[in-house]
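Keep the viewer open as you read.

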Amino acid sequence: MGITSKKALGVLRYHAGDNAIIHIDGTYGVNAHRFPLYLVGVTDRAGRMHILAPFLTDQETEQAIETMFREAFAEYTALFRQRAQARIKYVMSDGALEIWSACRRGDNVEGPLFDPGTKHLMCYFHVVLRCKERCLRRDLRQHWPAIHGDIEAMHYARNQVELDGLLLAVSSRWPPEFF
């Protein structure tokens, strides 16, 4: 079940350009039955996320997530009498495989919603969380401050060349046990 409004979906008219990032993230424990609550949104050029629609579902499957995308964009088409102009090139999530699979199956959504080269990005918060968990699990606590600093530097890389240089440095600086 999803809820949206004309104003919320109208954000796509202004912020869904070639570099738009569509976000989808699930959270749990916000209702009595612990059903996953997903938020689908888009980021503007200033880095602010605008919620397009929240969805409450009883299952966390590729098909359910694909339905969320399809319904949000079908509602946009119905409201504005046109398809969203941009094809989705970037999807940011918590790294759940179901989300990425739903994006790759974008051909099943009516019309070309996803670009064939759609890139799946993991949000900064989840990258930090997963790396910290890995450091703790593998008894690499003493390396965490340096690893966190490198993640921060990569997050603020200004272009792909700078990011590639940082990634190369990380591969030799981080302990092999981390990987």
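In which helix does Asp-150 lie? The answer is helix H5, which covers residues 144-155; helices here are DSSP runs (H or I) of at least four residues, strands are E runs of at least two, and both are numbered from the N terminus. Before going further, bear in mind that this is a predicted model, where local features need pLDDT of at least 70 and side-chain atom pairs count only at pLDDT 80 or more, while totals for chains, interfaces and linings use all residues. Residues are numbered from 1 along each chain as its sequence is written, and side-chain values use heavy atoms, with hydrogens and water left out.

Is Asp-150 buried or exposed? Asp-150 counts as buried, because its relative accessibility is 12%; buried means under 20% relative accessible area, exposed means over 50%, and partly exposed is in between (1.4 Å probe, protein chains only). If you skip the neighbours within four places in sequence, Asp-150 is in contact with Val-170, Arg-173 and Trp-174, where contact means heavy atoms within 4.5 Å.

One of those partners deserves a second look. The side chains of Asp-150 and Arg-173 form a salt bridge, with 2.9 Å from N to O; the term covers a side-chain nitrogen of Lys or Arg within 4 Å of a carboxyl oxygen of Asp or Glu. Asp-150 sits in helix H5 and Arg-173 in helix H6 (residues 160-173), so this pair ties together parts that are 23 residues apart in sequence. Arg-173 itself counts as partly exposed, at 47% relative accessibility.

How many salt bridges does a search of the whole structure find? It turns up four. Among them is the pair of Glu-162 and Arg-158, whose closest N and O atoms are 3.2 Å apart. Glu-162 is partly exposed at 26% relative accessible area, whereas Arg-158 is exposed at 72%.

Another salt bridge joins Asp-139 and Arg-141, with the closest N and O atoms 3.1 Å apart. You can also read this pair as a polar contact of 3.1 Å between the two side chains; that means a pair of N or O atoms within 3.5 Å, and within protein one must be able to donate a hydrogen and the other to accept it, with residues adjacent in sequence counting only if both atoms are side-chain atoms. Arg-141 is placed in the loop between helix H4 (124-137) and H5, and Asp-139 is found in the loop between H4 and H5 as well. Asp-139 counts as exposed at 53% relative accessibility, while Arg-141 is partly exposed at 48%. Asp-139 also has a positive phi of about 55 degrees, although it is not a glycine. Leaving out neighbours within four places in sequence, Arg-141 is in contact with Cys-135 and Leu-136.

Cys-135 is buried, with a relative accessible area of 1%. The structure holds zero disulfides, a disulfide being a pair of cysteine sulfur atoms within 2.5 Å.

Now zoom out. The chain has six helices and five strands, and from the N terminus on its elements run α-β-β-β-α-β-α-β-α-α-α. Of its 179 residues, 36% count as buried. Among contacts with a separation of 6 or more, 58% come from residues 24 or more positions apart.

What about the greasy interior? The largest nonpolar core has 23 residues, and Ile-22, Ile-24, Ile-65, Phe-69 and Ile-99 touch the most other members; such a core is a set of buried Ala, Val, Leu, Ile, Met, Phe, Trp, Tyr and Cys residues joined through side-chain atoms within 4.5 Å. Elements that each supply at least two residues include helix H1 (6-15), strand E1 (21-27) and helix H2 (62-80). H2 gives the most to this core, with six residues. Not counting residues up to four places away in sequence, Ile-22 touches Leu-12, Val-40, Phe-69 and Tyr-90, among others. A second, separate core of eleven residues includes Cys-131, Ile-151, Met-154 and Val-170.
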